[in-house]
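Visitor: Could you take me closely through one part of this model, the place where its domains meet? I would like a connected account with the cut-offs stated.

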Amino acid sequence: MIQTSPMPRALDTDRVRAQFPALRATRPAPEQPLFLDAPGGTQVPERVVAAMAAYLVESNSNTGGAFELSRRTDALIAEARRYGGAFTGGDPDGVAFGQNMTTLNFNLVRAVGRMMRAGDEILTTALDHDANISPWLLMAEDRGLVVREVGLTPDLDIDLEDLRSKLSDRTRVVAFCLASNAVGTVTPAEEIVALAHDAGALAWGDAVAYAPHRRIDVGALGVDVLLCSPYKFFGPHLGMAWVRPDLARDLPAERVRPAAEVPPGHRFETGTLSHEALAGFVAAVDYLASLGSGDTLASQLDTAYDLIRRHESELAAAFGTRVGELEGVRMVGRSGGDPARVPTFGLVPERATPRQLAEALDDAGIYAWDGNFFAKRVIETLGLDLEEGVLRIGFAHYNVLHETDRLFEALERALK
Ligand SMILES: Cc1ncc(COP(=O)(O)O)c(C=O)c1O
């Protein structure tokens, strides 16, 4: 049920944190874990756990049967598609669920590839996670297509001049990300989509690193395909795509013969879905909506993301200021206070490896990732060792300002 309540001015982080079992203080600091690993997957609120368990206890079944549990499962899938529509700002018919973003993208890319001819061109970017690059490279090999890479600006954004210069009447797809999972850049997605469309190409957006931090609106963006992963935004391990419904209807999706052909997005769902994960996804969107206010799921999400963005900007600005004062480590990409970034930071230590620094943080109960995070081309463009990569500090809206004190104390100790 959608509740209407007045719009709060700031995110109530006590209320937020109380809803996440993993964040509840069960041990005294410093043993209490500090989660700065969000870009690899976020923690989940209680209601996600409860919804998944309830599905398995009360509704566990396959689809299309003549009995109650199966009817509940059919209703859940329809509900998840409706929630997927609200979450992406698009027609629910365009929503397809799958194992994860990568698998969904491989399927979608194969489908669109079957409509291309030798010599057709795809543009990818050096900012993207390889899940929006490798599928294109492999499909290009099969079908004699050309993949061209768009480079980066000095502040690690997609270089629009380079993009313009590489677009041509042979370009069929521009594959890009809305945010970087390695260095936090928020890209000028609307401009990229407009440039792609002007050239007659499809705009194929990876919103995995964007969705936990910013409101998605496929309508406003005009994107043709958009992918994200609910496990990065407080839900269970699951992938989701939104495909423009007419495109989803026309693409030659690979399906088993008896499988139904409607609704359009569903054509990319092969086999039985993780229904319990769909229940968790609905609960995750409900959780996000509960942070906002308004009469509809969409308006609740709009206002919730306003609060999330404001809170995360404060975290990012505070982190950015203090990291500049640290000796022995440098931050890559945009400054902490730059509005065109999400609170994901890539740090390069001078006298240790990112893994050693991550291990030192672990000793202090702080969870942070090191490596390349499959953002292969960003790490290579920075001239860093691909295996070592960077230390990634990734905040979510459930992080609070005082946690940065503990982080900086641990970093100062480790860098001495
Ligand atoms: C930006 C980005 N794109 C794509 C992916 C792949 O997502 P999935 O794990 O759902 O396949 C990730 C995963 O980290 C990511 O960060």
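How many Å separate the centres of domain 1 and domain 2, taken over C-alpha atoms?

Guide: The centres of domain 1 and domain 2, taken over C-alpha atoms, are 26 Å apart. This is a predicted model, in which local features need pLDDT of at least 70 and side-chain atom pairs count only at pLDDT 80 or more, while totals for chains, interfaces and linings use all residues. Residues are numbered from 1 along each chain as its sequence is written.

Domain 1 consists of 13-32 + 297-415 and domain 2 of 50-289, with bounds that come from an automatic or database domain assignment. Across the boundary, 32 residues of domain 1 are in contact with 27 residues of domain 2, two residues being in contact if their C-beta atoms, placed from the backbone, lie within 7 Å. On the domain 1 side, the elements giving two or more residues are α11 (297-325), β10 (344-349), α13 (376-381) and β13 (390-394); helices (H or I, at least four residues) and strands (E, at least two) are DSSP runs, numbered from the N terminus. The most is given by α11, with 10 residues. By class, this side of domain 1 divides into 18 nonpolar, six polar and eight charged residues, where Ala, Val, Leu, Ile, Met, Phe, Trp, Tyr, Cys and Pro count as nonpolar, Asp, Glu, Lys and Arg as charged, and the others, Gly among them, as polar.

Phe374 is partly exposed, with 18 other C-beta atoms within 10 Å; a residue is buried if 20 or more other C-beta atoms lie within 10 Å of its own, exposed if 12 or fewer, and partly exposed in between, with C-beta atoms placed from the backbone. Phe234, in the loop between β7 (225-228) and β8 (239-243), likewise has a positive phi, near 80 degrees, but Phe234 is buried, with 28 other C-beta atoms within 10 Å.

As for the setting of this boundary, the protein has 14 helices and 13 strands, and buried residues make up 49% of its 416 residues. Among contacts between residues at least 6 apart in sequence, 70% join residues at least 24 apart. The C-alpha atoms of the protein fill a box of roughly 65 × 55 × 35 Å, taken along the principal axes.
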